[in-house]
Amino acid sequence: MFDSIHEECGVFGIYEKKGGSVASSAYFGLYALQHRGQESCGIAVCDDGVFRHKRNDGLVSEVFGRDELKHLGNGNMAVGHVRYSTTGGKNHNNIQPLVIRHIKGNMALVHNGNLVNAAELRRSFEMSGAIFHGTSDTEAIAYQIVRERLSCRSTEEAVQRAMPHIKGAYSCILMTATKLIIFRDPEGFRPLCIGKTADGSYAAASESCALEAVGAEFLRDVKPGEIVVISENGLRSIMPDCTKKSNICIFEYIYFSRPDSVIDGVSVHHARIRAGELLAKHSPADADIVVGVPDSGLDAALGYSQASGIPYGIGFIKNKYIGRSFIQPEQNQRESAVKIKLNAIKESVKGKRVVMIDDSIVRGTTCARIVHLLRDAGAKEVHVRISSPPFLHSCYFGTDIDSEENLIASRCSSIEKITKSIDADSLAYLPVSELGELIGRREGFCCGCFTGDYPIDVSGAGSKNKFDSKIHKTENGELTEL
C-alpha cells in the first residue's frame, strides 16, 4: 500500500551455558529487531539436543504469547528471525528458522540477505535429487551446509567449506545440538554483531540494539568472512576469508537500522544527522521550519536544521498502531489511508515555508501524498530534501527495491520532472559523492542501488536490472536530461 523500501530481515541467537528461558530472550531480541521485518517471525529452542520451534505469519507480539513461549520451554540455546520476503514471496515454508533434521543431527538456520547464485545452487541440488519445500535463498544455504557436513568432522568445518559456494549477502546464525555458529559473507553486506551478558551468556544479532534488549554488552561486529563458534568452551573465531574490507549496505545507515544501533563501528543516529548536515550544505533552502518524515527522516531533519540554522519542528504525527492487518484500501481510498498512517500538524506548518526531509523516494506516489498533507495543512511552500541519492538500480543483496521501470528516478529524466510529479517547490537528493561522509570513510560500503556498481558480479542474479535507465548520472549524483 505504501510506496517505500521494505526492511529485509533480522536474526538473533543466544547461548546460555547453564540453560534458562532462552525463548523469552529470543522474543525480546526479535522485538528489538521488529523494524527489519513485519511479515513473519519464528523461534527455535535447543534443550540438550531436543529442538522445539514455532513460526508463523505476523508480528512478534502476534505470534508469541505466554502460552507459545511456555510451550517452547527452557533450553541452553535459541535462534530467532523476523522476515520481510525480499526473495521467495509469502510462502509459509519460507518462514524461519529453517529446522533441518538429518543423519548428522538437528540444525536450525536463520539468514539475513540474498544470494546472487541461489537459482544455480537450487538447480544443482534438484538435479541430484534434493526436494525443496520453500522458495527462499536460505534453503539453498542449508542444503549446501548439509552436503558438506556429510564429509566433515564438525558443522563449523562444513560451514567453512560451504561459504565459497554461496555468493551474495548472508549474515547467518546456525544452531546445532551443542553450539551456535555465526557467519557473515566475505563482503559484509548485512550487519551482524555479538555480545555477552553479565552471567557469561553470549548473544548474536543483526543490530546492537537487540543485544541491549537482552542485557548483553556489545563485544564486536562479526568480521566479513568470519565464522564464530559459541559452545560450552566459550567463543572461538575461524577466519578463512577475512581479507576484504566491509562492503556494508549504506542504506543500513540511511533507513534500515534503528537509530540507537552501532553498525560496523558507526552510530546510525550520527550517520543520519550527518546526512542532514550535508543536505543543508549542498541544497540550502529559504524556509521557516525543517520537519522530518517519521521515523528515519527525523534525525536527518535535525542535522539539516542544525547546519542551516532553520528551526526544527514536529511536522507529522505517525500512527504507531497500524500493523500488518491494516486493511488494504481501494485506489480511491489511498489518500485517506496515508492520513491514517501519517498526518500533518497544522499549527507547525500553516503559513510557513517548509523543508521536508525524507530518507528516499521510490515510486514517488507516497512522497506526493505527504507533500499534499503539508499543503492541505496550510504550508506556503514545500521544499523536499532526500537523505539518500536517487534510486536508479535494483539491489541483489536483501533490499526490496522495486524494479527499475517503477523507480521514479529511472522513469523521469530530470530533477525538475520529479519535482513536478511530487508537487514540491524544490527537490534535492544527497549527492552520491557524499555517501562516504556518513560513515567516515570513502570506501568499504555498497551503494549499487544508486550507482549500478556492485562489489561482486550480479550478472547471474536474475532479470531485475534489465531496464535501461533514462537518467544520466553526473559525478556528484545529480540527474540531468539525456
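Modeller: Start with C209: its relative accessible area is 2%, so it's buried. Buried here means under 20% relative accessible area, exposed means over 50%, and partly exposed is in between, using a 1.4 Å probe and protein chains only. For C209, the nearest cysteine sulfur belongs to C193 and sits 8.2 Å away.

Some housekeeping: this is a predicted model, with local features needing pLDDT of at least 70 and side-chain atom pairs counting only at pLDDT 80 or more, while totals for chains, interfaces and linings use all residues. Residues are numbered from 1 along each chain as its sequence is written, and side-chain values use heavy atoms, leaving out hydrogens and water.

Now S206, in the loop that links β10 (202–205) to α7 (208–213). Helices (H or I, at least four residues) and strands (E, at least two) are DSSP runs, numbered from the N terminus. S206 has a relative accessible area of 1%, so it's buried too. Skipping residues up to four places away in sequence, S206 touches C9, G10, V11, L33, R36, N112, P191, L192 and I263, where contact means heavy atoms within 4.5 Å. With V11 there's also a polar atom of the S206 side chain 2.9 Å from the backbone nitrogen. C9, on that list of contacts, is buried at 7% relative accessibility.

N112 is another of those contacts, and strand β6 covers 105–112, so let's follow that strand. β6 belongs to an open sheet of 6 strands, in the order β5-β6-β7-β8-β12-β13, paired antiparallel; strands pair if DSSP finds at least two bridges between them. At the edges are β5 (98–102) and β13, each with a single partner strand, so one side of each has no neighbour in the sheet. On average, and ignoring direction, neighbouring strands are turned by 20° against each other. Between β8 and β12 there are 4 bridges, and L180 has I230 of β12 as its bridge partner. Helix α5 packs on the sheet, touching β5, β6, β7 and β8, and its direction makes about 140° with that of β6. For such angles, axes are lines fitted to C-alpha atoms (for helices, over the stretch in contact), and values run from 0 to 180 degrees between N-to-C directions.

What about helix α6 (residues 155–162): is it enclosed or open? Largely enclosed by the rest of the structure, because 6 of its 8 residues are buried. They are T155, E156, E157, A158, V159 and A162. Their packing partners are β6, α5 (137–149), β7 (171–175), β8 (180–184), β12 (227–231) and β13 (234–238). Where α6 begins, a side-chain oxygen of S154 comes within 3.2 Å of the backbone nitrogen of E157.

One last stop, further along the chain. P431 lies in the loop between β22 (426–429) and α16 (435–439). With a relative accessible area of 5%, P431 is buried.

Terms used
Polar contact = N/O pair within 3.5 Å; in protein donor to acceptor, adjacent residues only side chain to side chain. Disulfide = S-S within 2.5 Å.
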